[in-house]
Amino acid sequence: MIVRLSSSIFQFPLALAAAPLAPVGLNHYVLLSALLFALGFFGVLLRRNTLVVYMCLELMLNASTLAAVAFSRFNGTMDGNVFVFFIITVAAAEVAVGLAIIVALFRLRRTVQLEELTALKH
Amino acid sequence: MAEFPFYLFAFLTVVAAAGVVVNRNAVNAAICLLVSFVGMAALFVLLEAYFLAVLQVLVYAGAVAVLFLFIIMLFDVKGGDPRKPYKKIAAGSGLVALALLTTGLLSLAKHGQLVSADPATVPAAGANLKTFGYQLFTTYLLPVEVTGFLLLIAMLGVVVLSKKHLEETEARSQHSGGKV
């Protein structure tokens with residue numbers, strides 16, 4: 001099992017290297033979207049600056065819209081596109097409110113480092 | 001559909017996204033975020049969603065990234081992230097998440113072969129701006145209204161969030177004898 005998993009891990013970059021031969025399909029877009037989502041997720045987990053964590057959240061949201069547009073394109077429907085339109089609008093409102101909250105927090109506590117914001121812990 | 005532009009912009013987007021996660025300096029992270037948004041807009045063009053590509057550049061690259069840069073400038077935090085080791089529980093959860101994500105991506109790459117039709121045979125519904133407007137004003141009329149209301153509420157919320165503190169400082173400065 002472990003040997004098979006490790007061999008497939010070694011095959012993965014090879015598959016990526018061989019991928020340019022294949023025509024770009026829905027799979028590629030969904031895989032790219034998942035990869036971007038994973039990157040944003042790690043940023044949210046590992047970064048300590050509140051602003052950078054928020055940027056990574058935006059990255060995750062953006063990755064999900066890519067999947068929606070790709071599904072919409074390859075199914076020949078309009079709904080995914082309209083949905084992404086609403087997602088972008090809501091994201092803009094969300095960023096405005098979130099950054100206002102972060103600014104208020106900074107004014108109150110004089111820091112943006114997550115590890116120093118432990119008011120709920122004590 | 002063209003292969004080379006897809007790989008070019010996918011590479012650009014992923015590298016810029018990794019730059020957001022890796023960069024210690026918040027300003028560099030914001031610039032990487034901007035590049036990632038532009039790469040995503042190019043991918044939207046490749047998917048023939050031209051309106052969404054324009055919207056992506058206008059709203060995300062134009063407003064969101066600039067807002068981030070503006071707030072970073074407002075904070076004026078020097079030096080970037082401190083180099084401290086992660087707590088054991090954070091590092092452990094990161095490792096578990098990495099393992100789960102690797103497994104997920106591998107299984108998606110290997111077994112999750114989605115049936116995708118040849119894009120030449122499928123009409124690109126998002127390319128037609130007229131259809132877009134028609135849909136927004138017929139099928140999605142209620143969501144449009146609700147979104148407009150949401151934007152209004154968000155604007156009011158931001159005003160309230162920013163204003164409350166001003167009153168507090170005024171009260172505090174009056175309390176301490178008018179000095180700010």
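Predicted model: local features only at pLDDT ≥ 70, side-chain atom pairs only at ≥ 80, totals over all residues.
Residues are numbered from 1 along each chain as its sequence is written, with chains lettered from A and ligands numbered from 1 in the order in which they are written.

B:Glu48 sits in the loop between helix 2 and helix 3 of chain B, where its phi is near 60°, a positive value in a residue other than glycine. A:Arg110 lies in the segment after helix 4 of chain A and is exposed, with 9 other C-beta atoms within 10 Å.

As for chain A overall, it has 4 helices and 0 strands, running α-α-α-α from the N terminus on. Helices here are DSSP runs (H or I, at least four residues), strands likewise (E, at least two), and both are numbered from the N terminus. Of the 122 residues in chain A, 35% are buried. Contacts (C-beta atoms, placed from the backbone, within 7 Å) between residues 24 or more positions apart make up 50% of those in chain A with a separation of 6 or more.

Turning to the interface, chain B puts in 70 residues and chain A 65 residues. On the chain B side, helix 1 (4-22), helix 2 (26-46), helix 3 (50-75), helix 4 (88-110), helix 5 (129-137) and helix 6 (141-175) each supply at least two residues. Helix 3 of chain B gives the most, with 12 residues. By class, the chain B side comes to 54 nonpolar, 13 polar and 3 charged residues, counting Ala, Val, Leu, Ile, Met, Phe, Trp, Tyr, Cys and Pro as nonpolar, Asp, Glu, Lys and Arg as charged, and the others, Gly among them, as polar.

Helix 3 of chain A packs against helix 3 of chain B at an angle of about 175°, with the axes 12 Å apart. The contact divides into 9 nonpolar, 1 polar and 1 charged.

Helix 3 of chain A also packs against helix 1 of chain B, at about 155° with axes 9 Å apart, and these two are therefore roughly antiparallel as well. Here A:Met55, A:Cys56 and A:Leu59 meet B:Ala17, B:Val20 and B:Val21, giving 6 nonpolar, no polar and no charged residues.

B:Val20 also turns up in the largest nonpolar core, a set of 59 residues in which A:Met55, A:Leu66, B:Val20 and B:Leu33 touch the most other members. A core of this kind joins buried Ala, Val, Leu, Ile, Met, Phe, Trp, Tyr and Cys residues through C-beta atoms within 7 Å. Leaving out residues up to four places away in sequence, B:Val20 touches A:Gly43, A:Met55, A:Cys56, A:Leu59, B:Ala29, B:Cys32, B:Leu33 and B:Ser36.

Conventions:
Contact = placed C-beta atoms within 7 Å. Buried ≥ 20, exposed ≤ 12 C-beta atoms within 10 Å, placed from the backbone. Axes fitted to C-alpha atoms, helices over the stretch in contact; angles between N-to-C directions. Parallel < 35°, antiparallel > 145°, perpendicular 65-115°, else oblique.
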